[in-house]
Amino acid sequence: MTERLTLPGFVNAHSHTFQRALRGRAGGGDFWAWRDEMLLEADRQSPDSVRSDYAVWYREMRSAGYTAVGEFHYLGLAEALAAVEAAAEAGIDLVVLLAAYGRGGLPRFRQDSADAFLGQVDTLRASGARVGLAPHSVRACPADWLEAIGTYAVAEGLPLHVHADEQPREIEECVAEHGVRPIELLARTGCLGPATTVVHATHADGHELDLLADVGARVCLCPTTEADLGDGYAPVEALLARGIPICIGSDSNVRIDPLEELRELEGIARRASGRRNVIPVETLLSFGAAEGAAALGLDRWPDVSVALEHPSLAGVARSDVPSALVSGCSGDVLTG
Ligand SMILES: [Zn+2]
């Protein structure tokens, strides 16, 4: 008989699933050159392509042990509804983090006003989809949009996800426009609270991290993507020191493997500190599961099983399996 160990399913709290199409394409010399290629890919998307391709890629997530995903979506409302269908087909729980985009990017990303964006949110919620609010970034959303979206999120009790501090240039532009750094602007505009998840925070300074800790906000780290894009090192130890909850995301989907994301987090902390076992294994696994669910506002999500007969667990004592998952296994050891 096949022996199994059941764990809470892993939760992918940040995915732009269409970017899976870019896997293997080098995409230029820095983040901004990669972004140009990403925009070309985004512009190729249609409701039909999202419905068919996302089903394939959600199945890839499912087979890697993710049982729920937060789709940070900026391709348009019809495509959001198509993503909902694709997730249902693939058997993964989905929260659509609908992006507000006031300026920059492509025309298809943008709404005419914050009210128009919130109207899209209402339409999506009325369809029965699980929805969170995602002001894309301080780059894409003017301050008055952030104020309107923050107010709506609090009034409706919805999760709010926002990219911040991924690249130094974004911080420089924010300081030039607003006189404060991105997370400081989020605090000033009412976008920072216990239901807020800041994605990346790679270059956040101590004051910005203090603001997150003060309100009980969390941070979503996407280390395989952050490595691929040359973003920098996630501030793992600074987050831990402040007790800021951490969750994980596959983001650009250059790699889809929750165990690798968690291994990267611990690896970053070990390289930086010269110590081992910086994050207890149980805590790391909770970053991969319960913290992601909390970030998406999910109370329940499916479990996964560990295939104890998998070759990567040969010779591993049962009591050492959780640690071995994080240190030595890939997501293919996890099954629905
Ligand atoms: Zn992202």
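Student: Which residues do ring pairs link into a cluster?

Tutor: This is a predicted model, and in it ring pairs link Phe18, Tyr74, Tyr101 and Phe109 into a cluster. A search of the whole structure finds seven aromatic pairs.

Student: Why is the pair of Tyr74 and Phe109 called tilted?

Tutor: The ring centres of Tyr74 and Phe109 are 4.7 Å apart, and their planes stand at 55°. Centres within 6.5 Å make a pair, and planes under 30 degrees apart would count as stacked, over 60 as edge-to-face.

Student: What does the pair of Tyr74 and Phe109 tie together?

Tutor: Tyr74 belongs to the loop between β3 and α3, and Phe109 to the loop between β4 and α4, so the pair ties together parts that are 35 residues apart in sequence. Both residues are buried.

Student: What makes the pair of Phe31 and Trp32 edge-to-face?

Tutor: The planes of Phe31 and Trp32 are 80° apart, and over 60 degrees counts as edge-to-face. Their centres are 4.8 Å apart, which is within the 6.5 Å required of a pair. Phe31 and Trp32 are both buried.

Student: How do you know that His14, His16 and His163 coordinate the zinc ion?

Tutor: The NE2 atom of each of these residues lies at 2.0 to 2.2 Å from the zinc ion, and a donor must be within 2.8 Å. The donors are spaced H-x1-H-x146-H in sequence. Both His14 and His16 are buried.

Student: Why are the buried residues of α3 said to be on the same side?

Tutor: The buried residues are Glu79, Ala80, Ala82, Ala83, Ala86, Ala87 and Ala90. They cover an arc of only 160° around the axis, which puts them on the same side of α3. They pack against α2, β3, β4 and α4.

Student: How does the length of α3 compare with the expected 20 Å?

Tutor: Helix α3 spans residues 77–90, and its 14 residues reach 20 Å from the first C-alpha to the last, close to the expected value. Gly91, with a positive phi near 75°, follows α3.

Student: What makes β1 and β11 edge strands?

Tutor: Three strands form an open antiparallel sheet in the order β1-β10-β11. β1 and β11 each have a single partner strand, so one side of each is left without a neighbour in the sheet.

Student: How do you know that β1 and β10 pair?

Tutor: Pairing requires at least two bridges, and β1 and β10 have five, in the antiparallel sense. Pro8 stands opposite Asp303 in β10.

Methods: Residues are numbered from 1 along each chain as its sequence is written. This is a predicted model: local features need pLDDT of at least 70, side-chain atom pairs count only at pLDDT 80 or more; totals for chains, interfaces and linings use all residues. Side-chain values use heavy atoms; hydrogens and water are left out. Helices (H or I, at least four residues) and strands (E, at least two) are DSSP runs, numbered from the N terminus. The expected span of a helix is 1.5 Å times one less than its number of residues. Buried means under 20% relative accessible area, exposed over 50%, partly exposed in between (1.4 Å probe, protein chains only). The arc is that of the directions from the helix axis to the C-beta atoms. Contact means heavy atoms within 4.5 Å. Donors are N, O and S atoms within 2.8 Å of the metal (3.2 Å for Na, K and Ca); water is not among the atoms, so sites may look incomplete. Rings of Phe, Tyr and Trp (its six-membered ring) pair if their centres lie within 6.5 Å; planes under 30 degrees apart count as stacked, over 60 as edge-to-face and the rest as tilted.
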